[in-house]
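I am keeping these notes while looking up a few places in a structure that is new to me. Each entry says what I looked up and what I found.

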Amino acid sequence: LLQGKVPRRGLSVARMTAHITYLSEGALHRKFGRNLQNRQAVTYGFDADFQVESYLRYQGITFVERFDANSYLYITRAMDYFDLAADYGGGVLSNAFRKDGQRTPVRFCLASFTSDWLFPTSESRAIVHALNAVAANVSFVEIQTDKGHDAFLLDEPEFHQVIRGFLEGCAEHRGLTARKARR
């Protein structure tokens, strides 16, 4: 892609920018506010005066250490080109969930977070409507949270309850007994 060049700086900045979308404004403010990083007053320079700057720089640096920058470019391009309706549904999203004109036997559970900018609720609702159009078995919940896109990685009790209930319901439907998770 870049003939042997590794776009580390660009990927680091991209990660810092993207990381802002993974957290909501409320979560960023709650976590960092305008707190200074290891100083008593702002320097008006280009070093990280604020804790949030230091945090974002750390996220950028550690990201390029963990991932090959060029592979990340390929992954993001694949995401850009992905179009479920065009690729599998002839331009109609609901067609993507049909197989040989038959209703899909798959049980779906979609969860959305009110503060997720990356995958907004409107996109999840479009998928739910497409699944409803083919009479698929679909559950949907929109969870009120200010934890942003990363809410699914964090302690979000309502999300955990929804997933647990869905999985237990699927197990019961298949005649399996769900093991209770240790708390």
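Entry one, a strand pair. I looked up Ala111 and found that Ala111 stands opposite Val141 in strand 2. The chain goes from strand 1 through helix 6 (residues 121-133) to strand 2, and this β-α-β crossover is right-handed. I noted the meaning of the term: with the strands pointing away from the viewer, the path from the first strand over the helix to the second runs clockwise. Helices (H or I, at least four residues) and strands (E, at least two) are DSSP runs, numbered from the N terminus. Strand 1 covers residues 107-113 and strand 2 residues 137-143, and the two pair in the parallel sense over seven bridges. Pairing requires that DSSP finds at least two bridges between two strands.

Before going on, I wrote down the ground rules. This is a predicted model, in which local features need pLDDT of at least 70 and side-chain atom pairs count only at pLDDT 80 or more, while totals for chains, interfaces and linings use all residues. Residues are numbered from 1 along each chain as its sequence is written, and side-chain values use heavy atoms, with hydrogens and water left out.

Ala111 belongs to strand 1. Not counting residues up to four places away in sequence, Ala111 touches Ser124, Val141 and Phe159, where contact means heavy atoms within 4.5 Å. I also checked Ser124: Ala111 and Ser124 are 13 residues apart in sequence, and their C-alpha atoms are 7.6 Å apart.

How many salt bridges does the structure hold? I found five, a salt bridge being a side-chain nitrogen of Lys or Arg within 4 Å of a carboxyl oxygen of Asp or Glu. Side chains of opposite charge can pair when their charged atoms come close.

One of them joins Arg39 and Asp49, at 3.0 Å from N to O. Both residues lie in the loop between helix 2 (25-31) and helix 3 (51-66), so the pair ties together parts that are ten residues apart in sequence. Arg39 is partly exposed at 27% relative accessibility, whereas Asp49 is buried at 5%.

Another is formed by Arg125 and Glu142, whose closest N and O atoms are 3.3 Å apart. Arg125 is in helix 6 and Glu142 in strand 2, 17 residues apart, and the pair links these distant parts of the chain. Arg125 is partly exposed at 36%, and Glu142 is partly exposed at 35%.

I then looked up Glu156, in the loop between strand 2 and helix 7 (157-173). Glu156 is buried, with 9% relative accessible area. The side chain of Glu156 meets that of Lys147 in a salt bridge (3.3 Å, N to O), and Lys147 is partly exposed at 21%. Leaving aside neighbours within four places in sequence, the contacts of Glu156 include Phe113, Ile143 and Ala151.

Entry four, the surface. Ile75, Met79, Leu118 and Phe119 form a nonpolar patch with about 380 Å² of accessible area together. Areas come from the Shrake-Rupley method with a 1.4 Å probe, and for residues only the protein chains shown count as cover. Patches are made of residues with over 30% relative accessible area and no salt bridge, with like charges joined within 9 Å and nonpolar side chains (Val, Leu, Ile, Met, Phe, Trp, Tyr) within 5 Å. Met79 sits in helix 4 (residues 69-81) and counts as exposed at 52%.

Methods. Buried < 20%, exposed > 50% of the residue type's maximum accessible area, 1.4 Å probe, protein only.
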